[in-house]
Amino acid sequence: MKRTLRGFALILLGAICSHLLMAETDAASLFKSKCVMCHGEDGSGNTPSGKVLKAKDLRSEETQKKSDAEITEVITKGRNKMPAFAQKLKPEQIQQLVAYVRQLPKK
Amino acid sequence: MQGTDTRFSLPTSSIKLLLPKLLVAVSVAILCAQAAYAVPSYSRQTGLSCASCHYAPPELNAFGRKFKLEGYTFATKPEVSDDKKGHNAALHLLEVFPLSVIFDTSFTSTKAPQPATQNGNFQFPQDASLFLAGAWGEHVGSFLQVTYDSQADHFTWDNTDIRYANTNGKFLDKSLTYGVTLNNNPTVEDLWNSTPAWGFPFVSSNVAPGPSAGAIINGTLAQDVAGVGGYAMWNDHLYLAGTIYRSEHIGGSQPNPGTGFGFNIRGLAPYWRLAWQTSSENNNLEIGTYGMHMKSSPGAITGLEDGYTDWAVDFQLDHTIPQWKNDVVSIRGTYIRENSSLRASFGGGAAAVVGHHLNTAQANVEYHFGTRVSATAGYFDVTGTADPLLFASAPVSGSANGSPQSNGYLLNLSWWPQQNIDLAFQYTGYLRFNGAGTNYDGAGRAANGNNSVYLLARFVF
């Protein structure tokens with residue numbers, strides 16, 4: 001039993017260390033932590049939770065033809081089932097996300 | 001196999017006296033363990049309505065499963081934060097303390113009164129729960145429940161799942177979310193409503209008699225163990241989880257002497273879970289398997305052991321009907337096979353044979369009329385090895401023929417005038433109860449005498 005407990009402690013330690021070593025400062029990590037849950041890594045919305053909440057395809061013409069100000073407003077104030085991020089993200093972080101969304105069709 | 005508290009160190013006569021009371025206690029424990037909740041502090045944290053995560057609380061939709069998988073940490077509301085810089089640690093604290101309350105009041109009536117008791121039973125409250133449920137940090141969150149039980153007249157520790165989650169993993173170039181869970185109930189970490197901790201019925205009476213036999217993974221160990229485990233979801237399809245448990249008797253002395261408790265895990269009890277899910281625009285399907293192995297000494301921590309191994313399969317299908325205003329039909333089922341070797345119970349005179357098995361089958365279908373009304377019909381069936389000592393004769397809770405066989409149906413209608421208020425009507429009907437349809441307990445009680453009407457008003461805020 002002691003060996004098993006030691007094994008679990010090592011796994012726990014490894015998981016925490018691997019997390020601490022990761023830097024999460026760029027737009028990609030921001031997108032991953034706030035948007036991927038519904039929109040998916042590719043922005044398609046083709047995820048189980050995206051289908052439930054009818055998440056938009058961020059690569060689509062419908063989304064991409066919106067102005068930066070319109071996308072900023074959606075992220076800031078929310079729309080339909082999408083929550084507002086005004087209280088969570090700083091304005092510069094929202095601008096980073098807008099720029100990231102613009103890059104999605106090219107990925 | 002649940003149904004006994006075989007106090008190995010006690011004389012057989014004492015065991016027989018205690019058995020009926022313990023059967024009732026275990027039955028109540030099962031019913032209480034199946035009470036399951038949705039928590040408003042998650043709503044306050046995410047800025048999303050209850051319906052974003054639930055078809056009807058506590059049933060998780062795909063978004064709710066993702067939220068749980070990611071450690072209850074997704075948030076859109078303000079926090080006190082400090083970025084990680086150089087050798088300084090970061091800070092992410094919710095500004096709103098993640099506290100929630102559930103208040104349940106209920107009425108229960110059985111077809112035949114329980115001897116020497118008044119039928120038609122109001123409970124005000126049935127129970128009330130406090131939850132610490134939300135993000136503790138960027139990657140750590142909790143579902144932590146403390147419940148006041150009006151029958152016991154005290155607060156007690158209830159379902160708990162504290163988890164660390166990391167969503168940044170990759171495996172074979174596909175997404176990998178993984179984490180660690182600390183919990184006190186096998187299957188409480190699970191993401192679907194086809195496994196015991198979060199399975200149907202989602203609300204239930206703690207007054208009406210329940211069948212005495214149940215598998216160890218089916219609520220018997222709920223809040224009586226402590227476990228640490230890991231889990232992973234790969235490519236949004238494959239879910240794998242494992243936890244190791246030790247006994248942790250709430251209210252018992254520490255270190256655990258084992259005395260007075262029916263199940264004392266010897267060594268470690270492993271739990272495993274493997275599930276595969278897929279989704280299309282209008283369907284979410286899950287099929288899986290789970291199980292547990294435990295060696296236990298009843299009433300002791302040394303001496304002979306009882307061994308239990310549970311193997312189970314489950315499935316869940318949620319189908320959205322666009323033509324009918326996106327109403328959702330959910331179909332769920334599970335089958336549990338328990339094999340047990342009750343050497344300690346046999347040696348202590350609480351079991352007539354060593355080798356036992358118990359089969360548990362449950363299935364239900366639910367129609368969600370939007371988020372306003374849900375109607376559910378379920379069927380359950382328990383069969384297993386007959387044992388006149390393990391399932392002894394006793395009024396109401398016992399079995400005259402020693403058989404654990406019970407089957408019946410459950411009908412539930414829930415009306416949600418608001419997403420955080422549940423007004424439920426539930427009818428439970430028994431075709432067999434503890435081995436027979438008539439005179440099942442040797443005292444003249446019929447199985448359908450335990451048929452019950454249960455009315456519940458639940459307020460969640």
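## A covered helix in chain B

In this predicted model, the buried residues of helix H4 of chain B are B:Ala62, B:Phe63, B:Gly64, B:Arg65, B:Lys66, B:Phe67, B:Lys68 and B:Leu69. H4(B) spans residues 62-69 and is mostly covered, with 8 of its 8 residues buried. The buried list includes charged side chains, B:Arg65, B:Lys66 and B:Lys68 among them. Just past the end of H4(B), B:Gly71 adopts a positive phi of about 80°.

Leaving aside residues up to four places away in sequence, B:Cys53 touches B:Tyr42, B:Leu48, B:Leu60, B:Asn61, B:Phe63, B:Gly64 and B:Phe67.

## B:Ser100 and its surroundings

B:Ser100 sits in strand E5 of chain B, which covers residues 99-110. Why does B:Ser100 count as buried? It has 22 C-beta neighbours inside 10 Å, and the cut-off for a buried residue is 20 or more, so B:Ser100 qualifies.

Setting aside residues up to four places away in sequence, B:Ser100 touches B:Val39, B:Pro40, B:Ser41, B:Phe131 and B:Ala133. B:Gln145 is 45 residues from B:Ser100 in sequence, while their C-alpha atoms are 9.3 Å apart in space.

B:Gln418 stands opposite B:Ile421 of E19(B).

E19(B) also pairs with strand E20 (residues 452-460) of chain B, again in the antiparallel sense, over 8 bridges. Which residue of E20(B) stands opposite B:Ile421? That residue is B:Phe459. In a regular strand, side chains alternate between the two faces of the sheet.

## Backbone spots worth a look

Most residues other than glycine have a negative phi, and most peptide bonds are trans. Here are some exceptions. The peptide bond from B:Phe124 to B:Pro125 is cis, with omega near 0°, and B:Pro125 belongs to strand E6 (residues 121-135) of chain B. The bond from B:Phe200 to B:Pro201 is cis too, with omega near 5°. B:Pro201 is found in the loop between strand E9 (174-183) and helix H5 (216-220) of chain B.

A:Lys54 has phi near 55° and lies in the loop between H4 and helix H5 (61-64) of chain A. A:Lys54 is partly exposed, with 13 other C-beta atoms within 10 Å. B:Asp153 has a positive phi of about 55°, and its place is the loop between strand E7 (140-149) and strand E8 (154-171) of chain B. Is B:Asp153 buried or exposed? B:Asp153 is exposed, because 7 other C-beta atoms lie within 10 Å.

Chain A has 7 helices and 0 strands. Buried residues make up 25% of its 107 residues. Among contacts in chain A with a separation of 6 or more, 40% join residues 24 or more positions apart.

The contact between the chains takes 24 residues from chain A and 30 residues from chain B. On the chain A side, helix H1 (2-20), helix H3 (36-39) and helix H4 (48-52) are the elements that give two or more residues. H1(A) gives the most, with 6 residues. This side of chain A divides into 14 nonpolar, 5 polar and 5 charged residues.

## How confident is the predictor?

For the complex, the predictor gives an ipTM of 0.72 and a pTM of 0.86. Chain B has a mean pLDDT of 90, and 92% of its residues reach 70 or more. Over residues 1-36 of chain B, however, the pLDDT is below 50; beyond near neighbours in sequence, this stretch has 106 contacts in the model. Where pLDDT is low, the predicted coordinates should not be read in detail.

Definitions and conventions
Residues numbered from 1 in each chain as written. Chains lettered and ligands numbered in written order. Buried ≥ 20, exposed ≤ 12 C-beta atoms within 10 Å, placed from the backbone. Helix = DSSP H or I, 4+ residues; strand = E, 2+ residues; numbered from the N terminus. pLDDT = per-residue confidence, 0-100. Contact = placed C-beta atoms within 7 Å. Pairing = 2+ DSSP bridges.
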